[in-house]
Structures are given as structure tokens and as C-alpha cells.
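Dear colleague,

I am handing over the structure that I mentioned, with the sequence alongside.

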Amino acid sequence: MKNLFYKTGTLALFAGALLASCEPDIDTPSSSAGTADFSTYIAVGNSLTAGYADGGLYRSGQLNSYPAILAEQFAKVGGGEFKQPLFTEAQKNGSGYLSFKGFDASGLPILEPVTTELAVRGMGLDGKTPLYTAYEEPVNNLGVPGIRMVDAKTAGYGFNNPAGFNPFYERLIGDDLTPSGALLPYVNYVDATNPTFFTMWLGNNDVLGFATSGGVAPISDADKFQENLDAMINALVGDSEAEGVVINIPDVTGVPFFTTKATANLMQMAAAAGTKLYITAANGQVREAAATDYVLLTSTVGTPEQVGPQTVPHGFSPYNPLKNNEVLDGEEVTAAQNAIATFNGKLKAAADANNLAFVDMNAFFNSVKMKDNMPQLTLNNVAYTPAFITGNLFSLDGVHLTPRGYAIVANEIIRNINAKYGASIPAVDETKYNAVLFPGLQ
Amino acid sequence: MKSRILALLGGTLLSASAMAGGYQVNLASQRQIGMGHTGTGIQTGTSSIFFNPGAMSYLQENGVTIGASALFSKIAYSAPESNEVTARTDNPVGTPFQVYAVYKINDKLAAGLGVYTPFGSTAKWGQEWSGRFGLEELSLSAIYFQPTLSYAITDKIGIGAGLTYVKGQVNLQRGIPVQDEAGNYGRAELDGDGTSVGYNLGIYIKPSEKLSLGINYRSRVDVDVEEGDATFTVAPSLKSRFPDTKFAATLPLPATLSVGLGFMPTEALTLAVDVSRVEWSAYESLRFDYADAINGSNFSENDRNYEDAYIYRIGAEYKATEALALRAGAYYDGSPVQDGYLTPETPDSDSRGLSVGLGYSVSNNIKLDASFLYINKKERTDASDKSGGIAGTYKAVAYIPGLALTYNF
């Protein structure tokens, strides 16, 4: 009896274990490149393309740049090697960046610059721009932090000279004073790459410089924008008729740099203190703030300051108004938005004229704004909003993205490529990428 | 300002999660598993305590049954647009069991005690999959203790009733989408148990030698977890927002109404069909109430809005010899989970079960029953946007061998 029990039991368990090794399967579409050819992928753009984050360009940001993420997915459908001008492990902190150290007494995040293991090799001839460790081998990620569309054709844009230059471009092209060296315009640098596929996310800084300076720096000239855009598209599409993606410019009012120190909240705080919030408008006039003005993240609003005999929080007195460069006032916001609309129109027209994929990143970032106090994008049970630190999308500088934000952007680009080229490139698992890292004990 | 900044932390941070969907485990008797888990309208031996207490009084002898199943369940998951299976569960082997003892007080009256596990769920997805903020690991179980009385009013009609004392336990673990300095995600673990009572009623009618029928109603039982432990691991700078605390929650174990029919065309052959209606609509939402505010809120709640579901079963037993019985069965179990509400706890869908079994009488009073059940749930793709679930495509199968020993005296 015992024996039979044992035998039957053994048999049943054996059968069970055998079958249990049969895994359920799911029929999924197979990955394909569609009509696109990803063998040589080139990414062109600014800081967002370079993987800039937390106020700096550093190795881990580079490794998590959206072009690097895209290239990893392209590799599954015939994409080739993707080289980036990485800072070395020994100089992994690159230009330096902001690190989240805790909360101060008032509960604001304490952000400290990282100053070790930098890739700074000296000071530029202008006496203010640091020089970074050079990387002159050919690369696939041509993202240059700070570059505007209107800089594309400028000879000497990366040439170390007393009038100023772009150090992130300088490190890529070397310092030989030749038309093919230090004087090389960005568009020619791009032209030499001969991609089969490209992404171009350029033009943000043509407006962002104006916006982040509170309207002090100029908006790029529209005709010059068009001229440089045409040259860039020519260089990229080239004779080989490369396929690619043009990505447009997001709205400034959806970026935490402009929304974190929410003017409505500051006005309430001022009212609670029995006063009002005052700003300096573009024309130098001091006036009461309106909800249509955007106080910049870098503003020192609220900091106690001596005004005559009294201590007044900065901005809470007509005698201590926010400075022009601390506020993007209502008119400036309109100017920025109009410029973005103009530039985005040109980008779309260029994409259409060349039969390229077009990613409306402006619409995407508008779609993730909170509505009725509710997040509008939830992925894998995580909410994403443009909120500073807690929104998961934006890094500590309030303008650039977290690795997770870049991964989500990469997926948005992949979706558009799939639609345009009949491809089936798999999306990435965004949860594998970091958002803001919270510090240890304060 | 800190609270304002942090109030937005992860928005749906704790609003997700839960028990299981379709977390009923119909493995109450090895003989009946072999017959597609029919049994409401026929005599099932000692397991009538579960299937239909009304039939228990017709047992010829006292009997004790001990049985258990080994539940190998596997779930594959494909994330949206991923073009591959991106995660698989690593579920431990489940061991639903049953013990029944019936004592004949006299010809008409029988008393019995059943201990069985009609609800439970285990899903172990791990800490690496994309849905870890929905669920990393869940274990849910409920043990029913059921003293039962059964009375044969005539030789054609019997009634029975049992009181169920239920002990439930839940352990839920999942990621919290905030990272520490090293990039590690936070984790939440909710662990608690509770008890409750319910009942099990049955009527059994045998109008002729060849025909029998029965009705069984197992009541809804709400297991209240009163003082569960909620433990949170997060970056130290956020710990004050995620204090370890106590939680309360209610796990509704739904009522089941079953109607069954038995047909015995020959001495050797028994055919059975059952229809069950499981009142899953009892499960409207999953709510955890916390003793201390977690990330600014004293509770989290997610809609479940299950729908009542029907199960259709068919089974047969053929006595090949005096000692050997061969069985087979099948069933179709409709999912209570509506579109938009799929969760990784039990990514439920309509399921199909196929079973075989055999019974062997070793001696006059010792019998062995073995069963094997294969469950195949339909592949299901869901946006999971109404339940805090994880969007994607799920496919689940289970292989369930089982064995029981009955001693009659």
C-alpha cells in the first residue's frame, strides 16, 4: 500500500514537474527595420542629444542619452555601432553637475556642484569657458550642448578664442587652425558623417537662451534659422538620401525651470505676508507680478534681504523687486511661444519636404502637464509630470531630462519611426533608467 | 515647501496594488478534480462537506480523507511594444490541501469536519520586471474550517449546513518609484492576517437511481485584516514620509452558488455537470487604511469592480474494475476582471481546465485518488488603466497534480 502510494505520488510529481517546465508563450510581433536602414545612425542636436543632465555633461548622462538608448534598440533591427564622445571613467564627472544633497531648513532641495573627477583640461582664451578633454575620433552622437540652429554654419564656433566659443564643440574638432579643424562649422562636421539614418533635435536653444535668461538674450532670427536648417537637412539627407527624424521644440511653460517657483504660489505667499510680488519688466519698469509671469528656478525670490532699515524677502517689495533676468514676464512668454511656433513650423516643413519622420515633442510635453491636479502620463504605475524633482522626467537643472525622461523620449521617437517607416522597433523598459536620486540622511 | 515638493512624489505611489484577481482555487477533492471539479449534484464521498453538505448524509460509512495538490503556475508577460516576453513569474509551488472527516451519527444524520483552501494566490514577479511598482510578489491564502451537519429527510432528499471559520493571510511586496543615492528603488511590504466566519448550505435530491441533482451555496466571507504590518524601505531623506505603520484591509472572498446534475446510465458510469455563479461583484475596490499617513495619505484605494462570473463544468467517472476508477473532465471559468482592470496579482482571463484522474481501492477501506489538472488561461492584453495595473499582455498556465488517501470505517 505504502509502496503504491509512493509510486503513484512519484509518478504524479514527475509528470507535474515535467509539464511544469513547459512555459507559457506569447506571440509577439517580430522586430524589423521596415524601410529604414539603421546601419549608420547619426544623432544631431544640442545638450538634450548629448545627454546633458543636472546642469552638466557627464559620463553617466552620456551613457543614458536618448540617442544611445535609440541606438541600442536600432541594434536589434540592423543598427551598427554607435560611438559617443564619452568622458573617461577617470574623468567621469565631465563638466561637473549638480548633486542632490538633502533639504535645507525651509525644505528646499540642496543642490551642490560636483567638482571632482572632472574632464576640465584648462581655461579657454576668453578667460571664462573651461576647456574639456578632447575627443577627436569620429562619433555618432554629435550632440553639442548649447548649440543653436543659427550656429550651424558659423565658422569658428568651436575655436578657442578670446571672443568666446563652444567648449563642447571645441573638444570634438581639435585646435588646428584650419577650415577642416578648429574653424569647421558644425554643418560641415555633420556633413562628413554620411549617415543612413539620423535624428535631429535642434532649435531649442534658439528660444531657450532667451527664456532662461528672463528675456535678456535674444531669440534667433527666423531667416537665419531657416537658412541654417536648410543647410543641416542638406548635410544630413545628402546624396545618399538618408532617412531620419526631425524633432521639434517643446514649450517653455511646460518645463520646471519656469514652473517650479510658481508665480501664483509666490503671489499668495506675498499676500499672506501683507504685501505683493514685484518684478522688473523688460522695459525696466517695476510692476506687480501677474500669474502670466514665470519666475525662474534660479531666482532668489523670498531670500531675506536688507532694504533700507528693513529685512524684506526678495521680490516682496517694490524697492526689492525680482530682477528682469529672474522672470520671464508675460510678454516674453508670448514672444518665446511665438518663436517656438515659427521654428516648429519650419522644422515640420523641412521634415515634410524631405519625407522624413517628424516627432512633435512640443505636443508630447504639453500632454504630460498636470490637468485638474492629476498626472496625465502613467507608465507601469509611475506618474510622470513636468514637476521639479518629483515629476521623474526632469533632472535637477529643471530643463534637461533624467535618464528616465530620456528613455521616455526615446520611446516617443521610436513610435514615430515605426509609424513612418513601417518598422517594428521595440520600446525600452523605462523603469530600468534612473529618475532623480534621493539623498541619504540630511 | 518640502511637503509641497514631496506631495507630488510619484502621484500614484501607493494607490496601486493588491490581492489577486480571480483568486479562487477550485481544488477541493482529488476525485472531483479528475472529474472537472464537478460535484454539486452527485455524491462525492467525504468531500460533500465542500461540494454539497446535503449529500453527506448518504455516505455509507465513516470516512477520513487527506489530500493535496501541487500547483505549478506560470505566467508570461510581454510589455507593450516590446516585441518579446519581457517577464515571467517565478512562482513557488502552491500546495492547496483538503482534509475531510465524516461520522455517521445514525442512518439519517451525519456530522463532518472539513479543512480546505478555496482561495489563494501566489505571484512572484521579482524586483527586476517593468511592473514592479504594481507588484513584486503576492501571497494570499485562506484556510476554511467547516464543521458540518447533514440530514437525509427521505432517501431522496438530503440537506446539510456547515459553518465556516476562515483564516486569511496576505503578504504583498512591491517597488516604490523613488530611488536612493545608489539608484535602488524603494520597497513596500504589507503583511497581515485576519479571521472571519461564513456558511455552506446544500440540498441534494436523488429522484431516481440514474439521476441526482444538487444546489450548494457557499457564503461570502470578508476577511478583515486589522493590524497588518506595513514596512517601507526608501532613501533616508524620505523615510519620514514613509513611516513603518499598521494597516487595515478587507479581502472579500465571494459567495458561490452552484447547481449540479448527476447522471448514472450504468452502474459503472457517472456523468456530472455543474454550473457555478461566483459573486465576484463583492470585490469593488482594494483599500488599505494606514495608521500613519504614507506619503501624505492615510489610505490608498484602487478600483477592482469585478463582475460576477460563471463556471461551467463537466466530468465523468468510469469504473473499469471494482477497484479502479478512471476519470476525466473539463471546465470553462469566465473571468471576473473587466477590461482596464487587469492586474499582475492574478492577471486573470477566461480559463479552460482539462483534467484526468484515477481512483484505486487498495483494500475495502483504503482508497487512493490521483488527479491531474491542466489550466490554460486565454492570452489577454489590457491597458490596465483603471486599476493601477500594469499594461501589457499576459498568458498563464498551470499544471496541478494531486493525490489523496481516504480511509473508511
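What follows is an account of the domains of chain A, their interface, and a few side-chain pairs.

Please bear in mind that this is a predicted model, in which local features need pLDDT of at least 70 and side-chain atom pairs count only at pLDDT 80 or more, while totals for chains, interfaces and linings use all residues. Residues are numbered from 1 along each chain as its sequence is written, chains are lettered from A and ligands numbered from 1 in the order in which they are written, and side-chain values use heavy atoms, with hydrogens and water left out.

Chain A is divided into domain 1 (41–255 + 329–432) and domain 2 (263–328), with bounds that come from an automatic or database domain assignment. Taken over C-alpha atoms, the centres of these two domains of chain A are separated by 32 Å. To their contact (heavy atoms within 4.5 Å), domain 1 of chain A gives 16 residues and domain 2 of chain A gives 13 residues.

Between them, the two domains of chain A bury about 940 Å², of which 66% is on carbon and sulfur atoms; buried area here is the accessible area (1.4 Å probe) that two parts lose on being put together, summed over both. Of the area that domain 1 of chain A buries against domain 2 of chain A, 41% is supplied by Gly214(A), Asp329(A) and Val333(A), more than by any other three residues. Across this interface the rule finds 0 salt bridges, a salt bridge being a side-chain nitrogen of Lys or Arg within 4 Å of a carboxyl oxygen of Asp or Glu.

Over all chains, however, the structure holds 30 salt bridges. One of them joins the side chains of Glu288(A) and Lys276(A), at 3.7 Å from N to O. Glu288(A) lies in strand 10 (residues 286–288) of chain A and Lys276(A) in the loop between helix 10 (263–272) and strand 9 (278–280) of chain A, so the pair ties together parts that are 12 residues apart in sequence; helices (H or I, at least four residues) and strands (E, at least two) are DSSP runs, numbered from the N terminus.
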